[in-house]
Amino acid sequence: MSRVSKPHEIVERTLDLSTADGCVVIAEENSSANLRWAGNALTTNGVTRGRTLTVIATVDGARGTASGVVSRSAVTPDELEPLVRAAEAAARGAGPAEDAQPLVSGVPASPGFTDAPAETGSEVFGDFAPALGDSFARARSGGRELYGFAHHEMTSTYLGTSTGLRLRHDQPNGTLELNAKSPDRTRSAWAGRATRDFTDVDPAELDAELARRLRWAERRVELPAGRYETLLPPTAVADLLIYQYWSASARDAAEGRTVFSRPGGGTRIGEKLSELPLTLRGDPHEPGLESAPFVIAHSSGDDSSVFDNGLPLEPVRWIEDGRLERLTTTRHSAGLTGLPVAPTVDNLVLDGGGERSLEEMVAATTGRALLLTCLWYIREVDPASLLLTGLTRDGVYLVEDGEVVGEVNNFRFNESPVGLLSRASEAGRTERTLPREWGDYFTRAAMPALRVPDFHMSSVSRGV
């Protein structure tokens with residue numbers, strides 16, 4: 001084994017090799033395990049390991065500071081110097097960086113910086129896999145087929161800088177997606193869960209939920225496009241609000257380019273967005289949704305800056321009691337807009353003060369309403385209003401006077417999450433959820449179900 005092989009040693013060696021005016025090194029060790037199944041039987045499983053190294057070089061010049069970023073996977077010790085030189089060459093060949101700031105300093109070192117990376121493996125499914133097998137047996141006897149996958153990964157990030165930062169974060173991330181189908185494939189239902197370690201995931205609970213939805217779908221009702229009272233489950237709310245979160249750059253708003261821009265100039269910070277007591281927040285220490293407590297930026301953009309690497313993250317309230325409180329900023333964009341520094345946090349929680357579960361919200365429905373399962377293929381139509389379009393998937397159900405009476409056709413929708421918050425009439429109990437659309441990118445979310453009196457189903461979709 002090479003003398004320089006451990007992540008912290010790679011960080012130190014890379015910093016030693018740097019001749020730039022400043023240097024940031026991000027070493028990431030990743031391990032993952034997965035299970036896949038189809039037709040009530042496991043099909044594949046596997047375990048992977050990987051390493052990625054990102055070097056950010058900064059070079060001071062007469063006109064300002066430039067940065068160069070190079071990332072490579074599976075880097076060996078012999079490849080460190082060429083990687084450093086490539087980052088330095090990129091910096092020297094670039095013009096001054098608009099977001100240039102002094103590299104972060106003065107942050108205490110993380111405990112365990114020199115320890116080996118955390119790892120996952122097939123043992124993470126030790127209790128889950130047998131329970132899944134039991135669910136296969138129940139599904140077979142109940143005349144349904146289960147498809148899906150379970151994925152768990154562990155990423156250990158080591159961040160070191162020429163200003164003395166030595167930070168480390170271990171991030172577990174698990175997802176479960178389960179799809180049940182009738183044998184003739186005419187009915188389909190989906191459920192998903194996010195988890196840190198699979199000890200809190202019960203396949204039997206999910207299978208029972210899917211079996212109930214397949215029974216609902218035995219009766220089919222065709223409905224036209226239109227505006228319907230709609231119950232959005234937490235997964236759908238998460239998908240919409242994550243997109244809103246990604247669109248909440250303070251700089252873009254201040255420059256008049258987003259839904260958070262104030263007509264005539266400035267931002268909408270301080271405006272009431274909802275009459276419900278909604279609070280949208282992020283917290284790196286949120287129980288069950290823990291994320292990195294410092295900035296990890298591999299590139300610069302509207303809401304991130306490589307110069308902010310290592311900046312400590314604090315709890316932040318983006319919306320409080322229905323009022324817009326913060327928009328995302330880097331140190332650079334905070335200076336441009338005059339707003340507080342508020343980097344993105346890698347989780348999102350919406351609290352609405354509600355106590356009802358989704359099932360209780362269904363039971364409390366008077367008249368007719370739609371109950372969604374999830375959304376997919378979400379795309380932006382108009383950034384000025386944050387109008388989004390997308391499709392419903394894997395079950396839209398008709399509720400009449402507190403009971404689900406059948407499944408209806410799928411729809412294309414046109415809605416703005418900001419508009420939905422302004423019109424929502426009820427928020428349920430906040431619970432951890434897996435976004436269906438954005439689950440590959442953002443999994444740490446907790447949302448309530450929302451009741452929207454006039455959700456816009458713009459056209460009928462004949463897809464699944």
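Predicted model: local features only at pLDDT ≥ 70, side-chain atom pairs only at ≥ 80, totals over all residues.

Colleague: Which residue in β13 is the bridge partner of Thr230?

Modeller: Leu370 is the β13 partner of Thr230.

Colleague: And how many bridges join β13 to β14?

Modeller: There are 11 bridges between β13 and β14 (residues 387-400), and those two strands run antiparallel. As an example, Leu371 has Tyr397 in β14 as its bridge partner.

Colleague: What about the hairpin of β13 and β14, how many residues sit between the strands?

Modeller: Four residues lie between the strands there, and Leu386 takes a positive phi near 55° in that hairpin.

Colleague: Switching to aromatics. How many aromatic pairs are there?

Modeller: The count comes to 14 aromatic pairs. One of them is Trp37 with Phe128, a tilted pair at 6.5 Å centre to centre with 50° between the planes.

Colleague: Which parts does that pair tie together?

Modeller: Trp37 is in strand β1 (residues 22-38) and Phe128 is in helix α3 (residues 128-141), so the pair links parts that are 91 residues apart in sequence.

Colleague: Are Trp37 and Phe128 buried or exposed?

Modeller: Both Trp37 and Phe128 are buried. Trp37 also pairs with Phe136: the ring centres are 6.4 Å apart and the planes are at 55°, so that pair is tilted. Phe136 lies in helix α3 while Trp37 lies in β1, so this pair ties together parts 99 residues apart in sequence.

Colleague: Why do Trp37 and Phe136 count as buried?

Modeller: The cut-off is under 20% relative accessible area. Trp37 is buried because its relative accessible area is 3%, and Phe136 is buried because its value is 6%.

Colleague: Which residues form the aromatic cluster with Trp37?

Modeller: Phe125, Phe128, Phe136 and Phe198 form one aromatic cluster with Trp37.

Colleague: Where do Arg379 and Arg393 lie?

Modeller: Over ring faces. Arg379 lies over the face of Tyr377, 4.1 Å from the ring centre, and Arg393 lies over the face of Trp376, 4.2 Å from the ring centre.

Colleague: Back to the start of the chain, then. Which residues of helix α1 are buried?

Modeller: In α1 (residues 7-17), the buried ones are Pro7, His8, Ile10, Val11, Thr14, Leu15 and Leu17. They pack against β1, β2 (41-61), α2 (80-92), β4 (145-161) and β5 (166-181).

Colleague: How many disulfides does the search find?

Modeller: Zero, over the whole structure. As for individual cysteines, Cys23 counts as buried at 1% relative accessibility, and Cys374 does too at 0%.

Colleague: What does the UniProt annotation cover?

Modeller: The unreviewed UniProt entry annotates residues 226-458 as "domain: Metalloprotease TldD/E C-terminal". That stretch is 16% helix and 34% strand, and its end C-alpha atoms are 6 Å apart.

Colleague: Last one: where is the place of Val237, and what is Val237 in contact with?

Modeller: Val237 is in helix α5 (residues 234-246) and is buried, with a relative accessible area of 2%. Leaving aside neighbours within four places in sequence, Val237 is in contact with Leu232, Leu350, Met447, Pro448 and Leu450.

Technical notes: Residues numbered from 1 in each chain as written. Heavy atoms only, no water. Pairing = 2+ DSSP bridges. Phe/Tyr/Trp six-rings, centres within 6.5 Å; stacked < 30°, edge-to-face > 60°. Buried < 20%, exposed > 50% of the residue type's maximum accessible area, 1.4 Å probe, protein only. Lys NZ or Arg CZ within 6 Å of the ring centre and 35° of its normal. Contact = heavy atoms within 4.5 Å. Disulfide = S-S within 2.5 Å. UniProt positions renumbered as here; feature names shortened; annotations may be inferred.
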